[in-house]
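Please keep the sequence and the model in view while reading.

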Amino acid sequence: MKVIAMIDSFKGSATSEELNQAALKGFPVQWEKESIPIADGGEGTMAALFAAYGGQYKSVTSVGPLGEERVVSYLLTTINQKRIAIIECAAIIGIQLLDPSDQTTRQASSYGLGLLIADAVNEKVAQIYVTLGGSATTDGGLGLLEALGAELMYQPAVDARNPLLTINHFSITAVQKQLSDIELLVLADVTNPYTGAEGFATTFGPQKGALPQTVQVLEQQAKKVAYFVQQEYQIDLNGIAGTGAAGGIGGAMVLLGGQICPGFMTIAKLLKLETRISDATLIITGEGRFDRQTAAGKVPLGVAKIAQCHAIPVVALCGQREPDLGEIGQYFAGIFSIQPGPLLLDEAMKKSITLANMAETAQAIAMFYEKITRANHGDGGGKGSF
């Protein structure tokens, strides 16, 4: 029998590989075991692709969301005979790098992400993958464009480093030419447009600390940008799903010729999951919190849908789960929290406790699976025994 572990990272607690190994530790030695580090196109994407393809991490001095100097890394590797770069947005301008407030919303810029993309361009790559998710910015991607050499005409303000707040117009012609030979792939699972009720200012501004009056100004300015882009470049930012991702960075990437792709399915294709899981008896997946948002392009449901095509049972393990998961539950043989009892969140998120609980829960799943399989088949084998 073969078990494959593909558990998304528990943010702030343990990585995908660490969780996979802990889960596999719970299975008896007679099982064949395989760990496949996985991500949904956000945090952990570089690690998942490095585990599959190798490569090298390149350290670059850039700037964080508030302009502070930061040294971060991105991945250079080769996939399908193409030299590619994988850049995680959250690593350089992530919301975890500041305490969200109205003031940080007015100051935060995507400039640092643009510097990383510029460095990757100089590496002569054929493709650049940029994961969007967890950004601290709502600048419409203008900071990113400026870092790449776009000419922005705006009135700098002491209390507004965010260029969207004072933008008049801009030119990206030179940048478009510079990137014309590079395929830009943007991984995002939100489908928000650039402006409107579902646009980045209205939807994500409050989440990043913006007060109502700041949200209103951001939305007005975003509409100005969208109108200008429509007139100048004949691109409808509100007609393309995902342009509002990461505070409008999705829209900026589209302006540069980028293609917005679903995160998990893109990673699944790169990792060739369809082929790699075909001989599994059982798959263990999971994420930190399992709720109805799991349906929005998250790892567990993506894994379960692929496994369903091969009639392979999937068990999901998580730190916390909602009681009512709606229709999501039908894709799994079981969905279990690894917590053995009441525990303070800070304590539960300690890596040592998380990994120990993961191993113990996986061990219980393995024992149950073997007993049910023997009862059903008498031989300890076969797929779809749950």
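## The six-stranded sheet

Six strands form an open sheet in the order E3-E4-E5-E6-E9-E10, and their pairing is mixed. Strand E3 (56–63) and strand E10 (259–261) stand at its edges; each has a single partner strand, so one side of each is left without a neighbour in the sheet. Ignoring direction, neighbouring strands of this sheet are turned by 25° against each other on average. Strands here are DSSP runs of type E with at least two residues, helices are runs of type H or I with at least four, and both are numbered from the N terminus. Two strands count as paired if DSSP finds at least two bridges between them.

E3 and strand E4 (residues 69–79) pair in the antiparallel sense over eight bridges. Within this pairing, Ser 59 has Ser 73 in E4 as its bridge partner. Helix H2 (residues 45–53) packs on the sheet and touches E3, E4, strand E5 (82–88) and strand E6 (127–131), its direction making about 35° with that of E4. Helix H5 (residues 111–122) also packs on the sheet, where it touches E3, E4, E5 and E6; the direction of H5 makes about 135° with that of E3. Contact means heavy atoms within 4.5 Å. Axes are lines fitted to C-alpha atoms, for helices over the stretch in contact, and angles run from 0 to 180 degrees between N-to-C directions.

## Basis of the model

This is a predicted model, in which local features need pLDDT of at least 70 and side-chain atom pairs count only at pLDDT 80 or more, whereas totals for chains, interfaces and linings use all residues. Residues are numbered from 1 along each chain as its sequence is written, and side-chain values use heavy atoms, with hydrogens and water left out.

## The five-stranded sheet

An open sheet of five strands has the order E2-E1-E11-E12-E13, with parallel pairing. At its edges stand strand E2 (32–35) and strand E13 (334–337), each with a single partner strand, so one side of each is left without a neighbour in the sheet. From one strand to the next, the twist averages 20°.

Strand E1 (residues 2–7) and strand E11 (residues 282–290) run parallel and are joined by five bridges. Val 3 stands opposite Leu 282 in E11. Helix H1 (residues 16–25) packs on this sheet, touching E1, E2 and E11, and its direction makes about 150° with that of E1. Helix H13 (residues 299–308) packs on the sheet as well, touching E1, E11 and strand E12 (314–321); the direction of H13 makes about 160° with that of E11.

Helix H10 (residues 245–255) is mostly covered, with eleven of its eleven residues buried. Buried means under 20% relative accessible area, exposed means over 50%, and partly exposed lies in between (1.4 Å probe, protein chains only). Among the buried residues of H10 are Ile 249, Met 253, Val 254 and Leu 255. H10 is followed by Gly 257, whose phi is positive, near 95°.

Gly 263 belongs to helix H11 and counts as buried, at 0% relative accessibility. Leaving aside neighbours within four places in sequence, Gly 263 is in contact with Asp 40, Gly 41, Leu 187, Ala 188 and Asp 189. The C-alpha atoms of Gly 263 and Thr 131 are separated by 7.7 Å, although the two residues are 132 residues apart along the chain. Thr 266 also lies in H11 (residues 263–270); at 15% relative accessibility, this residue counts as buried. Not counting residues up to four places away in sequence, Thr 266 touches Tyr 129, Leu 187 and Cys 261.

## Cysteines

The structure holds zero disulfides, a disulfide being a pair of cysteine sulfur atoms within 2.5 Å. The sulfur of Cys 261 is 16 Å from the closest cysteine sulfur, in Cys 89, which is too far for a bond. Cys 261 is buried, with a relative accessible area of 9%, whereas Cys 309 counts as exposed at 63% relative accessibility.

## Overall organisation

The protein has 15 helices and 13 strands. It is divided into domain 1 (2–31 + 281–376) and domain 2 (45–263), with bounds that come from an automatic or database domain assignment. The centres of the two domains, taken over C-alpha atoms, are separated by 33 Å. Along its principal axes, the C-alpha trace of the protein spans about 75 × 45 × 35 Å. Buried residues make up 54% of the 386 residues.
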